[in-house]
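The report below is meant for someone meeting this structure for the first time.

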Amino acid sequence: MSYQVIGTRPVRHDGADKVTGRAVYGADTQMAGMLHGHIVRSPHAHARILRIDTSKAEALPGVLAIVTAADLPHPGDRMVDLGEGLTRLSWVHGNVLASDKVLYAGHAVAAVAAANAHIAEEAASLIEVDYEPLPCVLTAPDAMKPDAPLVHDDVFMQEFGKLTDTPSNISDHFRFEIGDAAKGFAKAHTIVERTLDTSTVHQGYIEPHAATVLWNNDGRVLVWCSTQGSFVVREVVAAVLDLPISQVKVTPTEIGGGFGGKIPVYLEPVAALLSRKSGRPVKIAMSRKDVFEGSGPTPGSHMTVKIGVAKDGKIVAAQANLAYEAGAYPGAMVGPGAMCVFAAYDIENIAIDGYDVLVNKPSTAPYRAPGATNAAFATETVMDEIAEKLGIDPIELRLRNAAKEGTRRADGPKYKRIGCVEVLEAMKNSAHYQAPLPGPNCGRGVAIGFWFNIGFSSSCTISVNSDGTVNLVEGSTDIGGSRTSISMQAAEVLGIKAEDVHPTIVDTDSVGYTAVTGGSRTTFATGLAAHDAAKDVIRQLSVRAAKLWEVDSELVNCQRGVFQSGKHSITFKELAAKLEETGGPVVGRATVNPSGVGGSFAGCIVDVRVDPETGKTDVLRVTSIQDAGKAIHPSYVEGQMQGGTVQGIGWALNEEYFMDPSGIMKNSSFLDYRMPTALDLPMIETVIVEVPNPGHPFGVRGVGEANIVPPPAAVANAIHRAANIRMTRLPMNPNAIMEEVWR
Amino acid sequence: MAVVHIPALLRELTNNEGSVEVEATTVREVIAQLEQRYPGISERLTEGGRLRKNLAVAIDGEIAILGVLQQVKADAEVHFIPAIQGG
């Protein structure tokens, strides 16, 4: 299908504000009389709180309010919907401000609001907290031992709705089975089994969390914050403070990255309590140390994957045992990880066990394709080893086993139209894969990965201006250019230029419910809402044209912005100028909660050079390949692919929460938490594959996540070929590589 | 008849049956029919009349956006699977 707007590369609508520094981010909020908040955090990974004495801090001039967990309402425990699923309110409460126990170093225990940030910080240092330190547990294997210290006394292992009768650090165990794995393995020609570990890593968004709250005199709680989902903030603030949601209004600021980490809520309820006590607006902005220690990283994991193949490389059985670290509260996203661990392959016999394991680390949060990157590191490492053992090209081995339309996944459902084969073929045919390696100590690795993407609710209105432009109102925080990708879909339907759509992201009072910007859903779902709202505009304008021509509106059709009926014809712009004379304003609206979500496959090809004396890995060339369904704005698709790939490489080579045995993070700054910079990496090459999603009018799948899944395994496989070592834990930093070389 | 695939950890309730045929027009009816045949299975799938925390239902490979209220066609495949989040 040919398009006028879809597939072009217009300048993003928010570009001027962002490159000139005018865009207002979370910490930029300023208000008359505004106070500055500071959070007191636990120095212990696990301890009982014996006493909190705030008297010295209260006496400090300039201090206007101090709060602890005692200030939170406790209406009783219940399930709350946080936008992407249900959780226990007590866990949300407990993470916002600890009450009887602290569960990780960095856990918030109190907060102060003062006239400026310096007084607030000083006052925080005067709050005395007496702790009784408790033994801590930091890894999934340790936490799963029968005699491990318990993170919670009231969490019992659940197995598909059945609770066991003794408290456990395993909050959830599930199993997927199709076919008969044991019988499958019995027929295998070659079996490879590996146990692999990944470290806790952070999303590393550049902008720290920041929130400003005014508990207004009329009882309404007004929030301005950097978030991936303003409606989620509304739900959580209302739930934690025991308020009706209509009493909370959330205005999202611009956001400097999130990647899943800005879905959870940390600061807003605390700032609200401080505002209520002080009668003033209160801003709290995290430091980088706060972000690392007090927000949600992604789980570390301990995984065993076993794959058996026939002589020709066809997989006959696969088995996985995945234990993911949830951190302080349940929810390690091991379920989606297990659903993805063999998702790229057509396998008849599969058995997967997954464990959600509590440890004394920050409560984990989503991170691009949550759970899938860990799992793919395991599976794709084993697949690489099988290819080597059988002497089959690693992409060819994957093609022989690739999932297709009709393949049954391990969790049961069959795939609809997917692009796994097309991605693999694009990898095989890429200029990168055909090129020779540049020299000694170099290796090339490949891997593939999958992410489901999600749908969820979105809302949009479009009002027509008399000059032929439109104003588009939506509620999806713009992280990666979604204002433009959404506007382009409306422009395509309306037959106008993308520049003639003026998008605005508004507060929770001003647009219908819109779920988080996450799960690669925004261009898919909010784009669909914009598409449907634009169709509504076309329907209304057709009636107006019919009035002008005195014909039945059913006889008016619109193609590419031109309305026609018989000999009559009028452009969108001309008709927009006649709104007043034909009946007044035209506003199109749509709300969606779509099915038809299209999952995305991604591949990665990496060339590395490993210094045999130091273990340092240089990344020489990288190509990211992904099925976008349809690339609405190819530049932003490429940007997502490049960003996800860079994050995956950082996860592979350097990033980790480096913790001492007592659970204290020793590298909570960007100086010591080593994320890749532009100096560390070559330009990431991209190949966009387009296998349209039949569930979206333009074929959109969503591209924000699958691209992070394959890089760690691809880098590991490249290191294997460069240095003849098989790396089974992340990060693969020089220390880890030399340990393996000297083993 | 719709075919309901029984999650591995619930097969202890279904005499190890991996799939069951039911006549139902909604997910809620599917669960009610399962409960009639396999007492106790409903509370493993639902809580307060809704699907349990972190659980979703897929009908013919599509996540059922209406949960227990989702319609089920006569020849549908029904799977209870972990709910998917995003980052």
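What follows is a description of a predicted model, beginning with the two chains, then turning to their contact, and ending with some local features.

**The two chains**

Chain A contains 21 helices and 30 strands, whereas chain B has two helices and seven strands. In chain B the order of these elements along the sequence is β-β-α-α-β-β-β-β-β. The table sets out some values for each chain.

| Chain | Residues counted as buried | Span of the C-alpha trace along the principal axes |
|---|---|---|
| Chain A | 60% of 743 residues | about 85 × 75 × 50 Å |
| Chain B | 39% of 87 residues | about 40 × 25 × 20 Å |

For chain A, the radius of gyration is 27 Å, and this agrees with the value near 27 Å that a compact globule of 743 residues would have. The corresponding figure for chain B is 12 Å, which agrees with the value near 12 Å for a compact globule of 87 residues.

The contacts within each chain can also be sorted by how far apart the partners lie in sequence. In chain A, among contacts with a separation of 6 or more, 80% are between residues 24 or more positions apart. In chain B, 45% of the contacts between residues at least 6 apart in sequence join residues at least 24 apart.

**Where the chains meet**

The contact between the chains involves 41 residues of chain A and 24 residues of chain B. On the side of chain A that touches chain B, the elements that give two or more residues are strand E5 (86-88), strand E11 (170-178) and helix H10 (334-340) of chain A. Of these, E11(A) provides the largest share, with four residues. Sorted by class, that side of chain A is made up of 18 nonpolar, 12 polar and 11 charged residues.

Helix H8 of chain A covers residues 268-278, and because 10 of its 11 residues are buried, the helix is largely enclosed by the rest of the structure. Among the buried residues of H8(A) are A:Glu268, A:Arg276 and A:Ser278, together with A:Leu273 and A:Leu274. Just after H8(A) comes A:Gly279, which takes a positive phi of about 75°.

A:His209 is found in the loop between strand E12 (190-198) and strand E13 (210-215) of chain A. A:His209 counts as buried, because 26 other C-beta atoms lie within 10 Å and the cut-off for a buried residue is 20 or more.

Another part of chain A shows two helices packed together. The axes of helix H19 (residues 634-653) and helix H20 (residues 711-723) of chain A come within 8 Å and cross at roughly 55°. That angle makes H19(A) oblique to H20(A), and the crossing is right-handed. H19(A) contributes A:Thr645, A:Gly648, A:Ile649, A:Trp651, A:Ala652 and A:Leu653 to the contact, while H20(A) contributes A:Pro711, A:Pro712, A:Val715 and A:Ala716. By class, the contact has eight nonpolar and two polar residues, with no charged ones.

**Backbone features**

Most residues other than glycine have a negative phi, and most peptide bonds are trans. Which residues are joined by a cis peptide bond? The bond is between A:Leu730 and A:Pro731, with omega of about 5°, and A:Pro731 lies in the loop between H20 and helix H21 (734-742) of chain A.

In chain B, B:Asn16 has a positive phi of about 70° although it is not a glycine. B:Asn16 belongs to the loop between strand E1 (2-5) and strand E2 (19-22) of chain B, and this residue is exposed, with 9 other C-beta atoms within 10 Å. B:Asp60 likewise has a positive phi, near 50°, in a residue other than glycine, and its place is in the loop between strand E5 (55-59) and strand E6 (62-63) of chain B. B:Asp60 counts as partly exposed, since there are 17 C-beta neighbours inside 10 Å.

Conventions. Residues numbered from 1 in each chain as written. Chains lettered and ligands numbered in written order. Predicted model: local features only at pLDDT ≥ 70, side-chain atom pairs only at ≥ 80, totals over all residues. Buried ≥ 20, exposed ≤ 12 C-beta atoms within 10 Å, placed from the backbone. Rg over C-alpha atoms; globule rule 2.2 N^0.38 Å. Contact = placed C-beta atoms within 7 Å. Axes fitted to C-alpha atoms, helices over the stretch in contact; angles between N-to-C directions. Parallel < 35°, antiparallel > 145°, perpendicular 65-115°, else oblique. Left-handed = near helix turned anticlockwise from the far one by under 90°. Nonpolar A, V, L, I, M, F, W, Y, C, P; charged D, E, K, R; others polar.
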